[in-house]
Structures are given as C-alpha cells and as structure tokens.
Amino acid sequence: ALKGAPENITEPRFFAYRASLLLGVGRVDEAGPDLDRALKLNATYSDALALQSIIAVVQNDKEKALGIAQKAVTANPKSAAALTALSYAQQANFNLDGARTSLQQAVQAEPNNALAWARLAEIHLSFANLDDALAAAQKAVALNPNLSRTQMVLGFAHLVRVNTEDAKKAFEKAIELDQADALSRLGLGLGKIRDGELVDGRKELEVAASLDANNSIVRSYLGKAYYEEKRSDLAERDYATAKELDPKDPTPYFYDAIQKQTTNRPVEALQDMEKAIELND
C-alpha cells in the first residue's frame, strides 16, 4: 500500500514506519536510507533512533547501539519503542538489570504495548522469574494474540514450567502466524521431545536449523536430539558448528562431553566438560 505514496512526503513518521516494515522482512539495506531521511527531517525522532539502535545490536556494534538508544530515550522518555531498544542494547552489553528496568518503564509508559510486555517476559525468563515471565507473556498475548512474538514468548514461559501442552499450543499458533520463526520451531521441538515425541521433535529442530543456520542454541539442541537417536556423527557435527558459532556458550561443550563419554572417549569428554564449566563459571 505504501508504494503509492508520493515522493515529497516530509513526515518522519512515514519513513520510520516504512523502515520498520522493511526490517521486519530482513531488508536492512533498504531500511537504512528511510531512517536517514526520517532523521534528516527530525534529528531527534525517537522511533527512527530506536530502529537504528536495534540494527546496531544485530550487527554486534554494542557501544553504538547503546549510544543511539540512550539518545532515543532522551528524545522521548515515554516511548516504549525507545525503551525497548535500550533494553536490547543494555542486554548486549551484559546489563540485564538495566534492561529489566527499561522494560518496566516501557510497559508503564505504554501499558497496551504487546511487544514491550513480550520483551519484559523474555527478561524475566533470563532471571528465572517464572511467575513474572508467565504473567507478562499472558498480558502480551491478551493485548495482541495475532503477533507471532507474543505467542512464542508465551510458549517458552509455559515450557520452562514444564507445561508442555500449553507450550506446544502457543508455539503452533506462533508458527501459524510466522512460518519463518526459527525460535518457535525450536520451542515446539523441545516440547515434543519433553513429551517423548523424539522423532517429531527432532524434525522441528531440523526445520529451525534450516530457518536459522547460524543459531548456536538451535544447533546444540539438534545435536542433543541426534545423540538421543544414537546418531553420533550428526550430533558431533552440530556440536562443532554450535561451538564455532558461539564460542562462549557452554551448552555444546556440555552435551558434547556426554556424547564423548558415551562413545568411550573419556579424555576428550573431560576436556569438553572442563570447558563447559569454565564458560559457565
């Protein structure tokens, strides 16, 4: 619908909105010029700055992301988008307490913002505050049940409580809303495996890996599923890939240690287990 818009628009909100749509389908190169135009029209336009910060987070430019997000919040302290962007930048800089505070401010500023509530649920999960995570996820779904993100977060909030039936329903709804969401496939696969549906669960993890081949966590759990099926070569392949993708994650080293111990390689198993302990402090 936006393709019919005239070229002489001077409203920064238009360009920030179009950029958000482009980012939603991964077209970063096209979104950048729209954000530049929005900020040329208004150098302190908070929504455009928030999107620029998110791009910097994804590109692993953590300091830049934090600086831009702080500028966005300064421009509009009551913007849930700016505060949510700040939470991502703070998390990228290992400041989880700050991220949680920013999100609590976001839902206070905009109580009906479903994405802010979903993001708050994620942070509560990071702190293992399971009751708060579930409450925030349910609030997000109540506000907007047709967002894949809200359903996906609700799925994980149920999954960590070992409520697999409700978790699988939420993940299935999230997949229905967004077929390309690897995390919902990961969650559904873990839920099925937890319920003893190993083959079906492993297939979901394979789909997740095909959707996001560079996701270390997906690779670790796919390797674990192959291990459970006694497919050692495939398990070791995915553990090796996971280690390469995220060298600081203890998960693949831990699972690989179990795999190597099972296949009578105790020295290598010990090395991997010691590495997992080192990474996990």
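## Overall fold

Helices here are DSSP runs of H or I at least four residues long, and strands are E runs of at least two. On that basis, this protein has 16 helices and zero strands. Its radius of gyration is 21 Å, close to the 19 Å that the globule rule gives for 281 residues, so the chain is as compact as a globular protein of that length. Keep in mind that this is a predicted model.

Along the principal axes, the C-alpha atoms fill a box of roughly 70 × 35 × 35 Å. If you count contacts between residues at least 6 apart in sequence, 46% of them join residues at least 24 apart.

## Surface and charge

Buried residues account for 43% of the 281 in the protein. The accessible surface comes to about 14700 Å², and carbon and sulfur atoms own 50% of that. As for charge, there are 33 positive and 40 negative ones, and their mean positions sit 3 Å apart.

## Salt bridges

Side chains of opposite charge can pair when their charged atoms come close. A search of the whole structure turns up 25 salt bridges. One of them joins D195 to K168, with the closest N and O atoms 2.9 Å apart. D195 is in the loop between helix 11 (182-194) and helix 12, while K168 is in helix 10 (residues 164-177), so the pair ties together parts that are 27 residues apart in sequence. D195 is partly exposed at 33% relative accessible area, whereas K168 is buried at 9%. Both belong to a salt-bridge network that also takes in E165 and E197.

K260 and D272 also meet in a salt bridge, at 2.8 Å from N to O. Since K260 lies in helix 15 (residues 251-262) and D272 in helix 16 (residues 266-280), this pair ties together parts that are 12 residues apart in sequence. K260 is buried, with a relative accessible area of 10%, and D272 is buried too, with 8%.

Helix 12 spans residues 198-211, and L198 lies in it. L198 counts as partly exposed at 23% relative accessibility. Leaving aside residues up to four places away in sequence, L198 touches I193, A225, E228 and E229. The C-alpha atoms of L198 and A225 are 7.2 Å apart, though 27 residues separate them along the chain.

Helix 12 also holds R202 and E206, four residues apart, or about one turn of the helix. These two form a salt bridge, the closest N and O atoms being 3.2 Å apart. R202 is buried at 11% relative accessible area, but E206 is partly exposed at 26%.

Over in helix 7 (residues 114-126) you'll find E122. E122 is buried, at 17% relative accessible area, and touches Y88, R149 and V153, again not counting residues up to four places away in sequence.

Key: Residues are numbered from 1 along each chain as its sequence is written. This is a predicted model: local features need pLDDT of at least 70, side-chain atom pairs count only at pLDDT 80 or more; totals for chains, interfaces and linings use all residues. Side-chain values use heavy atoms; hydrogens and water are left out. The radius of gyration is taken over C-alpha atoms; the globule rule is 2.2 Å times the number of residues to the power 0.38. Buried means under 20% relative accessible area, exposed over 50%, partly exposed in between (1.4 Å probe, protein chains only). Contact means heavy atoms within 4.5 Å. Accessible areas come from the Shrake-Rupley method with a 1.4 Å probe; for residues, only the protein chains shown count as cover. Lys and Arg count as positive and Asp and Glu as negative; His and the chain ends are not counted. The place of a charge is taken as NZ of Lys, CZ of Arg, CG of Asp or CD of Glu. A salt bridge is a side-chain nitrogen of Lys or Arg within 4 Å of a carboxyl oxygen of Asp or Glu.
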